[in-house]
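Here is my note on the model, point by point. Please read it with the structure open.

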Amino acid sequence: MQEQRHGFVGCGRVGRTLAQAFANAGYQVTAAWSRKAADLALMAKEVPGLQPLASAQAVADACDFVWLTVADDAIATVADGIAWRARHRVIHCSGATEVDALRNAGNCGASIGGFHPMQMFTNPAVALKGLPGCTVGVEAEAELLESLQQMASKIGCVPVQVPPGQRALYHASAYYVGPFLIALLAEGANLWRTFGASEKQALDAMLPLLAGTLSAVRDGGLANGMGGCVARGDIGTVRKHLTALDHLDADAGQLYRALARRNVPLGLARGSLSAAAAERIGETLAMDAKADA
């Protein structure tokens, strides 16, 4: 369906990234509209031949595939405000929003779907380079589903079908290796600051460790890729960590406890943590938590 025209309603970071990716892959990305004139001007510069239009309706009138790359809370409102036809393919790019948010388009006979790349979109230029190899959660009926899978593959991504009703869980999973991972790096950097190190020094130390951790997981899977004191059953080190963290910040100690508890079943699965040691670690974590209360 590469001969069909693609248009974007919303020209933020996600829209700009996908518009460029599709255009680079040979799709006809021909029109866009955004309530932010500056974003619309940027997309027009980045995608040769794209025409800025005056309204979301104008994009729908001019295009066959209409991509709603607006804020999640605005998807249903924007979709409800457009007059759709049966020829339309209407897709939103939210991870957590159900495709049913586009039901107005579906009621008009259009095909509706979801297309969500599991990627950080803080900078479109960086995100565009990071698209190849990333997973795209797709959801739609028959013909449109096949088209979305093909488009994902065409831009170098791996399409995965998300079952209806499961988008919130699917999207939440991405946070553990996206925003929450950054929060954990910030937590580690804060610990380095307590002994006078800078954020750069902390990241220079932690990012190679992170890369090594990812390599270990890629090689051996989750359980076999994990090391550390919990996986070894090193209760003494766990206690030292807790004493230091609780002295520094009660919240830091509680975060450590929550994460350490998640390590226990992985250590057991790895075979490096005995059931008896796992029980003692659990008791240590619970006992210290009660002592802090």
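1. Terms for accessibility. Buried means under 20% relative accessible area, exposed means over 50%, and partly exposed is in between (1.4 Å probe, protein chains only). Areas come from the Shrake-Rupley method with a 1.4 Å probe, and for residues only the protein chains shown count as cover.

2. Ground rules. This is a predicted model, where local features need pLDDT of at least 70, side-chain atom pairs count only at pLDDT 80 or more, and totals for chains, interfaces and linings use all residues. Residues are numbered from 1 along each chain as its sequence is written, and side-chain values use heavy atoms, with hydrogens and water left out.

3. Glutamate 46. This residue sits in helix α2 (residues 37–46). Helices (H or I, at least four residues) and strands (E, at least two) are DSSP runs, numbered from the N terminus. Glutamate 46 is partly exposed because its relative accessible area is 25%. Leaving aside residues up to four places away in sequence, glutamate 46 touches Arg16 and Gln20; contact means heavy atoms within 4.5 Å. Alanine 60 is 14 residues from glutamate 46 in sequence, and their C-alpha atoms are 21 Å apart.

4. Its salt bridge. The term covers a side-chain nitrogen of Lys or Arg within 4 Å of a carboxyl oxygen of Asp or Glu. Glutamate 46 pairs with arginine 16 in this way, with the closest N and O atoms 2.4 Å apart. Arginine 16 belongs to helix α1 (residues 13–24) and glutamate 46 to α2, so the bridge ties together parts that are 30 residues apart in sequence. Arginine 16 is buried, at 13%.

5. The network. The structure has ten salt bridges. Which residues are linked in a network of salt bridges? They are Arg5, Asp64 and Arg87. Arginine 5 meets aspartate 64 at 3.4 Å, N to O. That pair spans 59 residues, from strand β1 (residues 5–9) to the loop between α3 (56–62) and β4 (65–68). Arginine 87 also bridges to aspartate 64, with closest N and O atoms 3.4 Å apart. Here the partners are 23 residues apart, and arginine 87 lies in the loop between α4 (75–80) and β5 (89–92). Aspartate 64 counts as buried, at 11% relative accessibility. Arginine 5 is partly exposed at 35%, and arginine 87 is partly exposed at 28%.

6. Helix packing. Two packed helices are described by the angle between their axes and the distance between the axes. Axes are lines fitted to C-alpha atoms, for helices over the stretch in contact, and angles run from 0 to 180 degrees between N-to-C directions. Under 35 degrees counts as roughly parallel, over 145 as roughly antiparallel, 65 to 115 as roughly perpendicular, and the rest as oblique. Helix α12 (residues 235–248) and α13 cross at roughly 150°, with axes within 7 Å. They are therefore roughly antiparallel. Among the contact residues are Leu242 of α12 and Tyr256 of α13.

7. The other α13 contact. Helix α10 (residues 199–224) packs on α13 (residues 250–270) at about 110°, with the axes 9 Å apart. That makes the two roughly perpendicular. Leu222, Ala223 and Asn224 of α10 meet Leu266, Ala269 and Arg270 of α13.

8. Surface patch. Tyr175, Tyr176, Val177 and Phe180 form a nonpolar patch on the surface, with about 440 Å² of accessible area together. Patches take residues with over 30% relative accessible area and no salt bridge, joining like charges within 9 Å and nonpolar side chains (Val, Leu, Ile, Met, Phe, Trp, Tyr) within 5 Å. Valine 177 lies in the loop between α8 (167–175) and α9 (179–193). Valine 177 is exposed, at 64% relative accessibility.
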